[in-house]
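Welcome, and thanks for opening the viewer. Let's take a short walk together, one selection at a time.

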Amino acid sequence: MNATPAPEPPIRAVIAPVTPLQQNCTIVWCSKTKKAAVIDPGGEVPRLLEALAQYGLTLEKIWITHGHLDHAGGTAALKEATGAPIEGPHREDAFWIDDIEQSGARWGMPDARSFTPDRWLEDGDRVTLGETEFEVYHCPGHTPGHVIFFHRPTKFAQVGDVLFQGSIGRTDFPRGNHADLIRAITTKLWPLGDDVRFVPGHGPMSTFGQERRTNPFVADAVLAES
């Protein structure tokens, strides 16, 4: 008896680290329509365009988790090349976006440019991609306007620099706030479920459950002690 093939998941994704800081830019797409979003195009835009072509995708959206250079420096160039609208981050990160060109000069990324999103995002917003929908959560702390994107049917999240495998985002930047970050992780991320797989801004993927068990900054046991 032939086994029934597993149904195709509603979304697919590929991680493309970019910039000297190896930021996890992600190309995610609706499996049915092949319409894609590039999340956090920090740089290396020609490479991202090649990847879109390689997978036969049409860029429909550009999504930004926060305004730091390594996450958003290639946004303006990607929009110019494709016409795709920019969604995110929260408007509290406007000052970071305005600083991208100066930051690029400091970090040896002279092509990085500032931009104005077509849509600022708020906590509780929804963004669409082809025939799929992602939830938006405002998670300040690393930056004041940081957002994350969550696809509930597949338990997949792109969390930027809020949470990493074994670590959390820095809060020593202007308008960073450690207490806000811990609150965002425990009240916005954890309720989404231990089985959520997430792409962090840097480094390997993990799950919320793994981090609740082992992360030295936000594991349940660590927070209970504090």
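How much space lies in the second largest pocket? About 190 Å³. Keep in mind as you look around that this is a predicted model.

**Stop two: the largest pocket.** Next, move to the largest pocket, with a volume of about 400 Å³. Its lining has 18 residues, and the ones to select are L21, H68, D70, W107 and F173, the closest to the centre of the pocket. Now show the helices α2 (69-72) and α5, each of which supplies at least two residues of this lining. The largest share, 4 residues, comes from α5. By class, the lining of the largest pocket splits into 7 nonpolar, 6 polar and 5 charged residues.

**Stop three: L121.** Follow the chain to the loop between α5 (100-107) and β6 (126-129), where L121 sits. Is L121 buried or exposed? L121 counts as buried, because its relative accessibility is 0%. To see its surroundings, select E87, G88, P89 and H90 together with V127, V136, V147 and F149: L121 touches each of these residues, leaving aside those up to four places away in sequence. Finally, select I64 and draw a C-alpha to C-alpha distance to L121: the two are 9.5 Å apart in space and 57 residues apart in sequence.

Definitions and conventions:
Residues are numbered from 1 along each chain as its sequence is written. This is a predicted model: local features need pLDDT of at least 70, side-chain atom pairs count only at pLDDT 80 or more; totals for chains, interfaces and linings use all residues. Side-chain values use heavy atoms; hydrogens and water are left out. Buried means under 20% relative accessible area, exposed over 50%, partly exposed in between (1.4 Å probe, protein chains only). Contact means heavy atoms within 4.5 Å. On a 1 Å grid over the protein atoms alone, a cavity is a set of points where a 1.4 Å probe fits but cannot get out, and a pocket is an open set with protein on both sides within 12 Å along at least five of seven lines; lining residues have an atom within 4 Å of a point. Grid points are joined across faces, edges and corners, and a volume is the space filled by probe spheres set on the points. Ala, Val, Leu, Ile, Met, Phe, Trp, Tyr, Cys and Pro count as nonpolar, Asp, Glu, Lys and Arg as charged, and the others, Gly among them, as polar.
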